[in-house]
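Please look at the sequence and the structure as I put them up.

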Amino acid sequence: MADLGGARQPTDAELVDATFPKSTVPTNELQKSFFRAGHAHAGVLVILGLVASLYVDLTGLILLAAILMPAGFFLSVIGRDPRRPNGFSVLIWCGAAALTVGVTGAGIGLLTV
């Protein structure tokens with residue numbers, strides 16, 4: 001280890017806290033659950049779209065759903081202490097429709113090739 005000239009070396013926890021400071025914006029349970037759902041849907045749908053693109057060229061709607069659905073989750077609970085989702089929640093359903101059509105089209109494309 002390098003000599004820091006008598007200075008104390010920071011711990012790992014101190015380095016993490018300095019790099020990723022705690023959020024000062026309060027969130028309620030609805031926002032936490034919608035943010036969690038948005039991140040989960042984004043990750044799963046992007047992976048689904050990329051894997052499907054290896055087999056079929058008709059995966060544009062799956063990747064569109066990977067944008068629309070998480071955007072709906074994130075944008076529908078913006079604000080201070082929302083009690084229910086706002087009008088942006090329609091993006092979730094638009095993403096679900098795009099996902100349904102995209103997966104159906106990819107499935108038909110796989111079966112007919």
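**Asn28 and its surroundings**

I begin with Asn28, which touches Asp81 and Pro82 when residues up to four places away in sequence are not counted; contact here means heavy atoms within 4.5 Å. Before I continue: this is a predicted model, in which local features need pLDDT of at least 70 and side-chain atom pairs count only at pLDDT 80 or more, while totals for chains, interfaces and linings use all residues. Residues are numbered from 1 along each chain as its sequence is written, and side-chain values use heavy atoms, with hydrogens and water left out.

Asn28 lies in the loop between helix 1 (12-19) and helix 2; helices are DSSP runs of H or I with at least four residues, numbered from the N terminus. Is Asn28 buried or exposed? Its relative accessible area is 13%, so Asn28 is buried; the cut-offs are under 20% for buried, over 50% for exposed, and partly exposed in between, with a 1.4 Å probe and protein chains only.

The side chains of Asn28 and Asp81 are joined by a polar contact of 3.0 Å. A polar contact is a pair of N or O atoms within 3.5 Å; within protein, one must be able to donate a hydrogen and the other to accept it, and residues adjacent in sequence count only if both atoms are side-chain atoms. Asn28 also caps the N-terminal end of helix 2, with a side-chain oxygen 3.2 Å from the backbone nitrogen of Leu30.

Asp81, for its part, sits in the loop between helix 3 and helix 4. Asp81 counts as partly exposed because its relative accessibility is 38%. Its phi is near 50 degrees, a positive value in a residue other than glycine. Most residues other than glycine have a negative phi.

Let us turn to the helices. Helix 2 has 25 residues and should span 36 Å at 1.5 Å a residue, which agrees with the 36 Å between its end C-alpha atoms; the expected span is 1.5 Å times one less than the number of residues. Among the buried residues of helix 2 are Phe34, Leu45 and Ala52, and their cover includes helix 3 and helix 4.

Finally, Leu54 is located in the loop between helix 2 (29-53) and helix 3 (60-75). Leu54 counts as exposed, because its relative accessibility is 67%.

How values were computed:
Helices (H or I, at least four residues) and strands (E, at least two) are DSSP runs, numbered from the N terminus.
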